[in-house]
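Here are my notes on the fold and its packing. Please read them with the model open.

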Amino acid sequence: MAKFNRRSFIKTGAAVGTGTMLSGAGNTFAGLAADSIDISVVKGENFYENTKKAIEILGGIDSFVKTGDTVGILMNSPWTKPGTFTSPEVAITVVEMCFEAGAKEVICLKKPRKDYWDKLPEKYNSVINRLSFAKAPVVKSIPRGISLKEAEITPSLLEVDVFINIPVSKNHTGTNFTANLKNLMGACPHSTCRKFHFKEGNSGGWYDDISHLSQCIADVNLIRKPDLCVVDSTVFVESGGPGGPGPLLKPHKVVAGRDAVAIDSYVATFLGLQMGSVDMVKFAHAHGIGEMDYTKLNIKEA
Amino acid sequence: VILKNSLTLKKLILLFYILVFPFLLVSQPKNLWPFDSLKGGWFSDTVLNEYSANNLYELVNGGADLYFEYGFIKVINGSFFNNGKEILVELFQMADNDAAYGIYSFYRSPKAIILDIGDEAALMDYYLSLRLGSYFITLTAYESDSISVTGLQSIAARIAEKGNRSGNVPDIMKFFSEFPKEEQKSLKYLKGKLGAMNQYHTTVSNMYNFSDGAVIFSDANKIFIFRHDSSGDCDSVFNSIIEETKLKEKVQSTENNSILYIDRNGKHVQVEKTDSYHILGVGDNNKILNKKIELLKSGLLINMQL
């Protein structure tokens, strides 16, 4: 991953500024030295546009998806209350961009709830109808896992050419926070998720051992790192998560990048959680899954 | 004699039903559900779903544990409709009044508008939380327009009419009586580690070993009080906290019944023991933190004398 210093950041910032000026109101970021940008953060009321821009800043969807690729997407979609699930606007934009880039197939690694797409305009029906669904889970060993040595997980996660994680960042009563890393539990069946919560011999409750849960989340992320993360930080619950209801925070931001750990560490700050204060992020960093110190990375806000 | 005894028995059975039947009625959450049409055109004709401790996970997933910590019996849910708008109502039957107060206070936002519905209701943008005896009820609209917000209040009021108020709050909440009224809206009643950990994440393992407790958010400080079954229990827990803290944290000072340290996030943390309570304060400034703890201790003293 490209590292940056103050000078390169200023240069990139100048390039972004110039690119934006040259393109007028089009807001295209094509032509930027996108390799130098690790995390893009786009703020605005239009969540479709935010998502497009966030991916364009990273070099565009073509940097991730090639013609004929199969793409696996993972949204946080079981919940129904405001601020508890990935905005369908964000998710459908990613799906549409994948198809436009020539993706052969886009697979939902977890089937969304049946009314998940209902509030989208009808024009998206053709895109939604092209989506396919993941295979039934199989057991996958995790040799480097500390608390989790194997997990049942959909084999589609490993088979797809490109894996795009599309979580919502929000409060979580157990782990205080959830985004990319915890979202991977969505690709596992309930039987495996139970093991995350109940260490062998533990007769306590679901969150009796947060450290074990956090380690399991870090471990399961060893199976496959996302190729692209697109985090919905538009509207989310500040407390009362994961299911809500709860007071809503509205940063109206979409955050994208390749490093799930760095992005989680960054978006956790929207909830007032300091870098290094979320166990699963620390443990994932210790596994070498990504960089916890997002200040070492090149973050471009637009 | 047999006839006379039989009549007495019938009278006793009748008296039993007159006295107990109303309570049996409201002890079933379904009996609180307003099936009749409500003010503003809201109505509910859905089949109600019921979840017990065995399948609460299906409804609230990982959120279930918090309900178990406070004391959960069952929940029913269903929706109200009005011209394409929907309000989801979840009616949780908790173990007792304190359990309902606890979960209500946990979810109540300090920014909420407090309403005189049931024992207390808190309105926040698109949702309303209601405490009614041993019930905790959440009403969630999917929008925050005036029709939805008015609907939240009229449905809540109708539910409250069908139930019984308890009028009680756990006695430990009274210890915060010296804090400003506005700050008391942030009070949360605690029954276990999960609720406490959500307010402040500590690495000291016995910090949240308690019988019941409470926390208030005062300026940038969090002030907790934890009750133990006896002074001896408190001594034992407090001593283990001191020992572990000395090993794990950057301790600034220790006295007989108090320890001050800086946690991993640079916060000032003060732990004190008084009688069968231990107090935890977390903040950015020692002096202010200490003042807040003294405020709690004065409330404790006043209420213990009463």
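Which residues does A:Ile73 touch, not counting residues up to four places away in sequence? The points below start there. Keep in mind that this is a predicted model.

1. A:Ile73 touches A:Val95, A:Val106, A:Ile107, A:Cys108, A:Leu109, A:Lys110, A:Leu131, A:Ile164 and A:Ile166, with residues up to four places away in sequence left out.

2. A:Ile73 belongs to the largest nonpolar core, which has 90 residues. A:Ile73 is among those with the most contacts inside this core, along with A:Ile164, A:Val230, B:Met94, B:Tyr208 and B:Leu280. Helix 3 of chain A gives the largest share of the core, 8 residues. A second, separate core has 52 residues, including A:Ala187, A:Ile217, A:Met280 and A:Leu297.

3. Now the sheet. Chain A has an open sheet of 8 strands with mixed pairing. The strand order is 4-3-2-7-8-11-1-12. Strand 4 (132-133) and strand 12 (299-301) of chain A each have a single partner strand, so one side of each lacks a neighbour in the sheet.

4. Strand 1 (residues 39-43) and strand 11 (residues 253-257) of chain A pair in the antiparallel sense, over 5 bridges. In this pair, A:Val42 stands opposite A:Val254 of strand 11.

5. Two helices of chain A lie across the strands. Helix 2 (residues 47-57) lies across strands 1, 8, 11 and 12 of chain A, at about 155 degrees to strand 1. Helix 3 (residues 88-100) lies across strands 2, 3, 7, 8 and 11 of chain A, at about 160 degrees to strand 7.

Key. Residues numbered from 1 in each chain as written. Chains lettered and ligands numbered in written order. Predicted model: local features only at pLDDT ≥ 70, side-chain atom pairs only at ≥ 80, totals over all residues. Heavy atoms only, no water. Pairing = 2+ DSSP bridges. Helix = DSSP H or I, 4+ residues; strand = E, 2+ residues; numbered from the N terminus. Contact = heavy atoms within 4.5 Å. Axes fitted to C-alpha atoms, helices over the stretch in contact; angles between N-to-C directions. Core = buried A, V, L, I, M, F, W, Y, C linked by side-chain atoms within 4.5 Å. Buried < 20%, exposed > 50% of the residue type's maximum accessible area, 1.4 Å probe, protein only.
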